[in-house]
Amino acid sequence: MGGGHSHHREPDWAAIHAQQEAEARARAAAEAARQEAERAAQAARAEAERLIREAEQARWRFEAEQAEAARRAQAAREEAERQRREREQAVQAARAAREAAEAWAREERQRAERLAREAEEERRRQRAAEEAARQAAIAAQQEQERQRRVREEENKRLQAEREAAERAAQKAVEEARQAQAARDEAERQLRDGTRPVVVPTPEEYSAFRAKIQHTEGFFHVAVSGIAGSGKSSLVNAFRGKHNMDLDAAAVGVNETTLVVARYPDPNPSSRSVWYDVPGAGTLKVPDWKYFNDQGLFVFDCIIVVVNNRFTATDVAILSNARRFGIPAFIVRSKADQHIRNLMKDIGYNSEDEGGNKASYFVRARDQYVAETIRSIRTNLQEANLPDQPVYLVSNVALQATVTGKAPKKMLDEVKLLTDLAGTAQRYA
């Protein structure tokens, strides 16, 4: 038996036929052969039984194999079913996994896009931060460089200030020595009756600057001279004011200025400040002390208002101004009054309607100019002072010129204003 099939052995008909023929031939010898035949039959039966047993065994084995095959087939079917279910489950799981993967992929893609956007934003922020840091580094470097330069400049300035302070200290010591020597010399000259040259101390210089409210960038002009020379009216004319204006300098027959009076120029574009200085002769001060006692050494410019002849005070002012390097202008005011007086002296009668007023005016004006220039030149020579111009002005014409008007009769008003402006420009 094999292959799972049972084979039934058929009778050996040839053998049986041979046996019958043998039995027919051997009937005679049947008896003899019967026993042999019985033995052979018995052997055949034994063989048949053996074959039957073997067939039965083969059948059992076949049935067992069929059962095993059925079991195996059942197992195979169960396995196939299990595998089918597993395949279905696998398909479902694969589908679920695919869906999950797709969902995860979508989420990851979205997350990746979000992260990419955040990364790009972070890169932009980082680039901006790096640029800001770079700019800050540049600014810090520039600031360090600036601070270095500032420190260097500060060190240089401090060094310069130390050197200047040392020089100032040395100068102060020297000035103090010179001042002491000057005081000693002044006392000696006082004892001898000589008019000394007095040098103000640095403290006096600072005190007078504070007293007149000296301001950097402004042009400080002192109008000085003897009492009654017309200083206050001239200050008013320089400021474009009439004597009766509320903010004008006080004027009068007697000297009205007892202390240095400060008058800012009403023109906002002007940087000039005018000072009406008390007239010499009204204070119990020698003329040689007038310059220092009035603090004229702190002004940027001094106008000396004179009459026909110099006084000792006028000489002292001009001499000290020259010594201190202060520009000084010699001015003779009230020209219109002086010319009218000269017109009368040469014969003009205001009540004579037929009189030639214009010709008298020209003669008187020319005489006034010539006499004043000659007198001032002589006075300067006698005082051992260099020659310089004298400005002849009328306060009325000067006030009109300052306020932009064009007076009919003028002398040196425009020239005086022009020269003052040029001096102020050099001091600006």
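Trainee: Is Gln 213 buried, partly exposed or exposed?
Mentor: Gln 213 counts as partly exposed, because its relative accessibility is 47%. Keep in mind that this is a predicted model.

Trainee: Where does Gln 213 lie?
Mentor: In the loop between α3 and β1 (219-225).

Trainee: And what about phi of Gln 213?
Mentor: Phi is near 60° there, which is a positive value in a residue other than glycine. Asn 384 is also a residue other than glycine with a positive phi, near 55°.

Trainee: Where is the place of Asn 384, then?
Mentor: Asn 384 is in the loop between α8 (357-382) and β6 (390-392). With 72% relative accessibility, Asn 384 counts as exposed.

Trainee: Changing topic. How many aromatic pairs does a search of the whole structure find?
Mentor: Seven. One of them is Tyr 205 with Phe 297, a stacked pair at 6.2 Å centre to centre, with 20° between the planes.

Trainee: Which parts of the chain does that pair link?
Mentor: Distant ones: Tyr 205 is in helix α3 (residues 202-211), and Phe 297 is in the loop between α5 (287-293) and β4 (301-305). They are 92 residues apart.

Trainee: Buried or exposed, those two?
Mentor: Tyr 205 is partly exposed, at 35% relative accessible area. Phe 297 is buried, at 4%.

Trainee: What about Phe 238 and Trp 274, why is that pair stacked?
Mentor: The planes of the two rings are at 5° and their centres are 4.5 Å apart, so the pair counts as stacked. This pair also links distant parts of the chain, with Phe 238 in helix α4 (residues 231-238) and Trp 274 in strand β3 (residues 272-276), 36 residues apart. Phe 238 is buried, at a relative accessible area of 2%, and Trp 274 is buried at 6%.

Trainee: Which residues do ring pairs link into a cluster?
Mentor: Tyr 205, Phe 208, Phe 291, Phe 297 and Phe 324.

Trainee: Which rings have a charged end over them?
Mentor: Phe 218 has the charged end of Arg 271 over its ring, 4.0 Å from the centre. Phe 361 has the charged end of Lys 409 over its ring, 4.2 Å from the centre.

Trainee: Back to α4. How many of its residues are buried?
Mentor: Eight of eight, so the helix is mostly covered. Among them are Lys 231, Asn 236 and Phe 238.

Trainee: What follows α4?
Mentor: Gly 240 does, with a positive phi near 75°. Lys 241 has its place in the loop between α4 and β2 (261-264).

Trainee: What does Lys 241 touch?
Mentor: Leaving out residues up to four places away in sequence, Lys 241 touches Asn 236, Asp 247, Ala 248, Pro 266 and Gln 399. As for Thr 403, its C-alpha is 8.6 Å from that of Lys 241, and the two are 162 residues apart in sequence.

Trainee: Next one, Arg 332. Which strand is it found in?
Mentor: Strand β5 (residues 328-332). Arg 332 is buried yet has no salt bridge.

Trainee: What is the nearest side chain of opposite charge, and how far away?
Mentor: Glu 371, at 6.5 Å. A salt bridge needs the side-chain nitrogen within 4 Å of a carboxyl oxygen.

Trainee: So what does Arg 332 touch?
Mentor: Not counting residues up to four places away in sequence, its contacts include Asn 307, His 338, Tyr 368, Thr 372 and Tyr 391. Val 306, Val 390, Leu 392 and Val 393 are also among them.

Trainee: How does the span of helix α6 compare with what it should be?
Mentor: It agrees: the 13 residues of α6 (residues 312-324) should span 18 Å at 1.5 Å a residue, and the end C-alpha atoms are 18 Å apart. Buried residues in α6 include Thr 313, Asp 314, Ile 317 and Leu 318. Just after α6 comes Gly 325, which takes a positive phi of about 70°.

Trainee: Last topic, the whole chain. How many helices and strands?
Mentor: The chain has 10 helices and six strands. Of its 428 residues, 26% are buried.

Trainee: And what share of the contacts do residues 24 or more positions apart account for?
Mentor: They account for 66% of the contacts with a separation of 6 or more.

How values were computed
Residues numbered from 1 in each chain as written. Predicted model: local features only at pLDDT ≥ 70, side-chain atom pairs only at ≥ 80, totals over all residues. Heavy atoms only, no water. Phe/Tyr/Trp six-rings, centres within 6.5 Å; stacked < 30°, edge-to-face > 60°. Helix = DSSP H or I, 4+ residues; strand = E, 2+ residues; numbered from the N terminus. Buried < 20%, exposed > 50% of the residue type's maximum accessible area, 1.4 Å probe, protein only. Lys NZ or Arg CZ within 6 Å of the ring centre and 35° of its normal. Lys, Arg positive; Asp, Glu negative; His and termini not counted. Contact = heavy atoms within 4.5 Å. Expected span 1.5 Å × (residues − 1).
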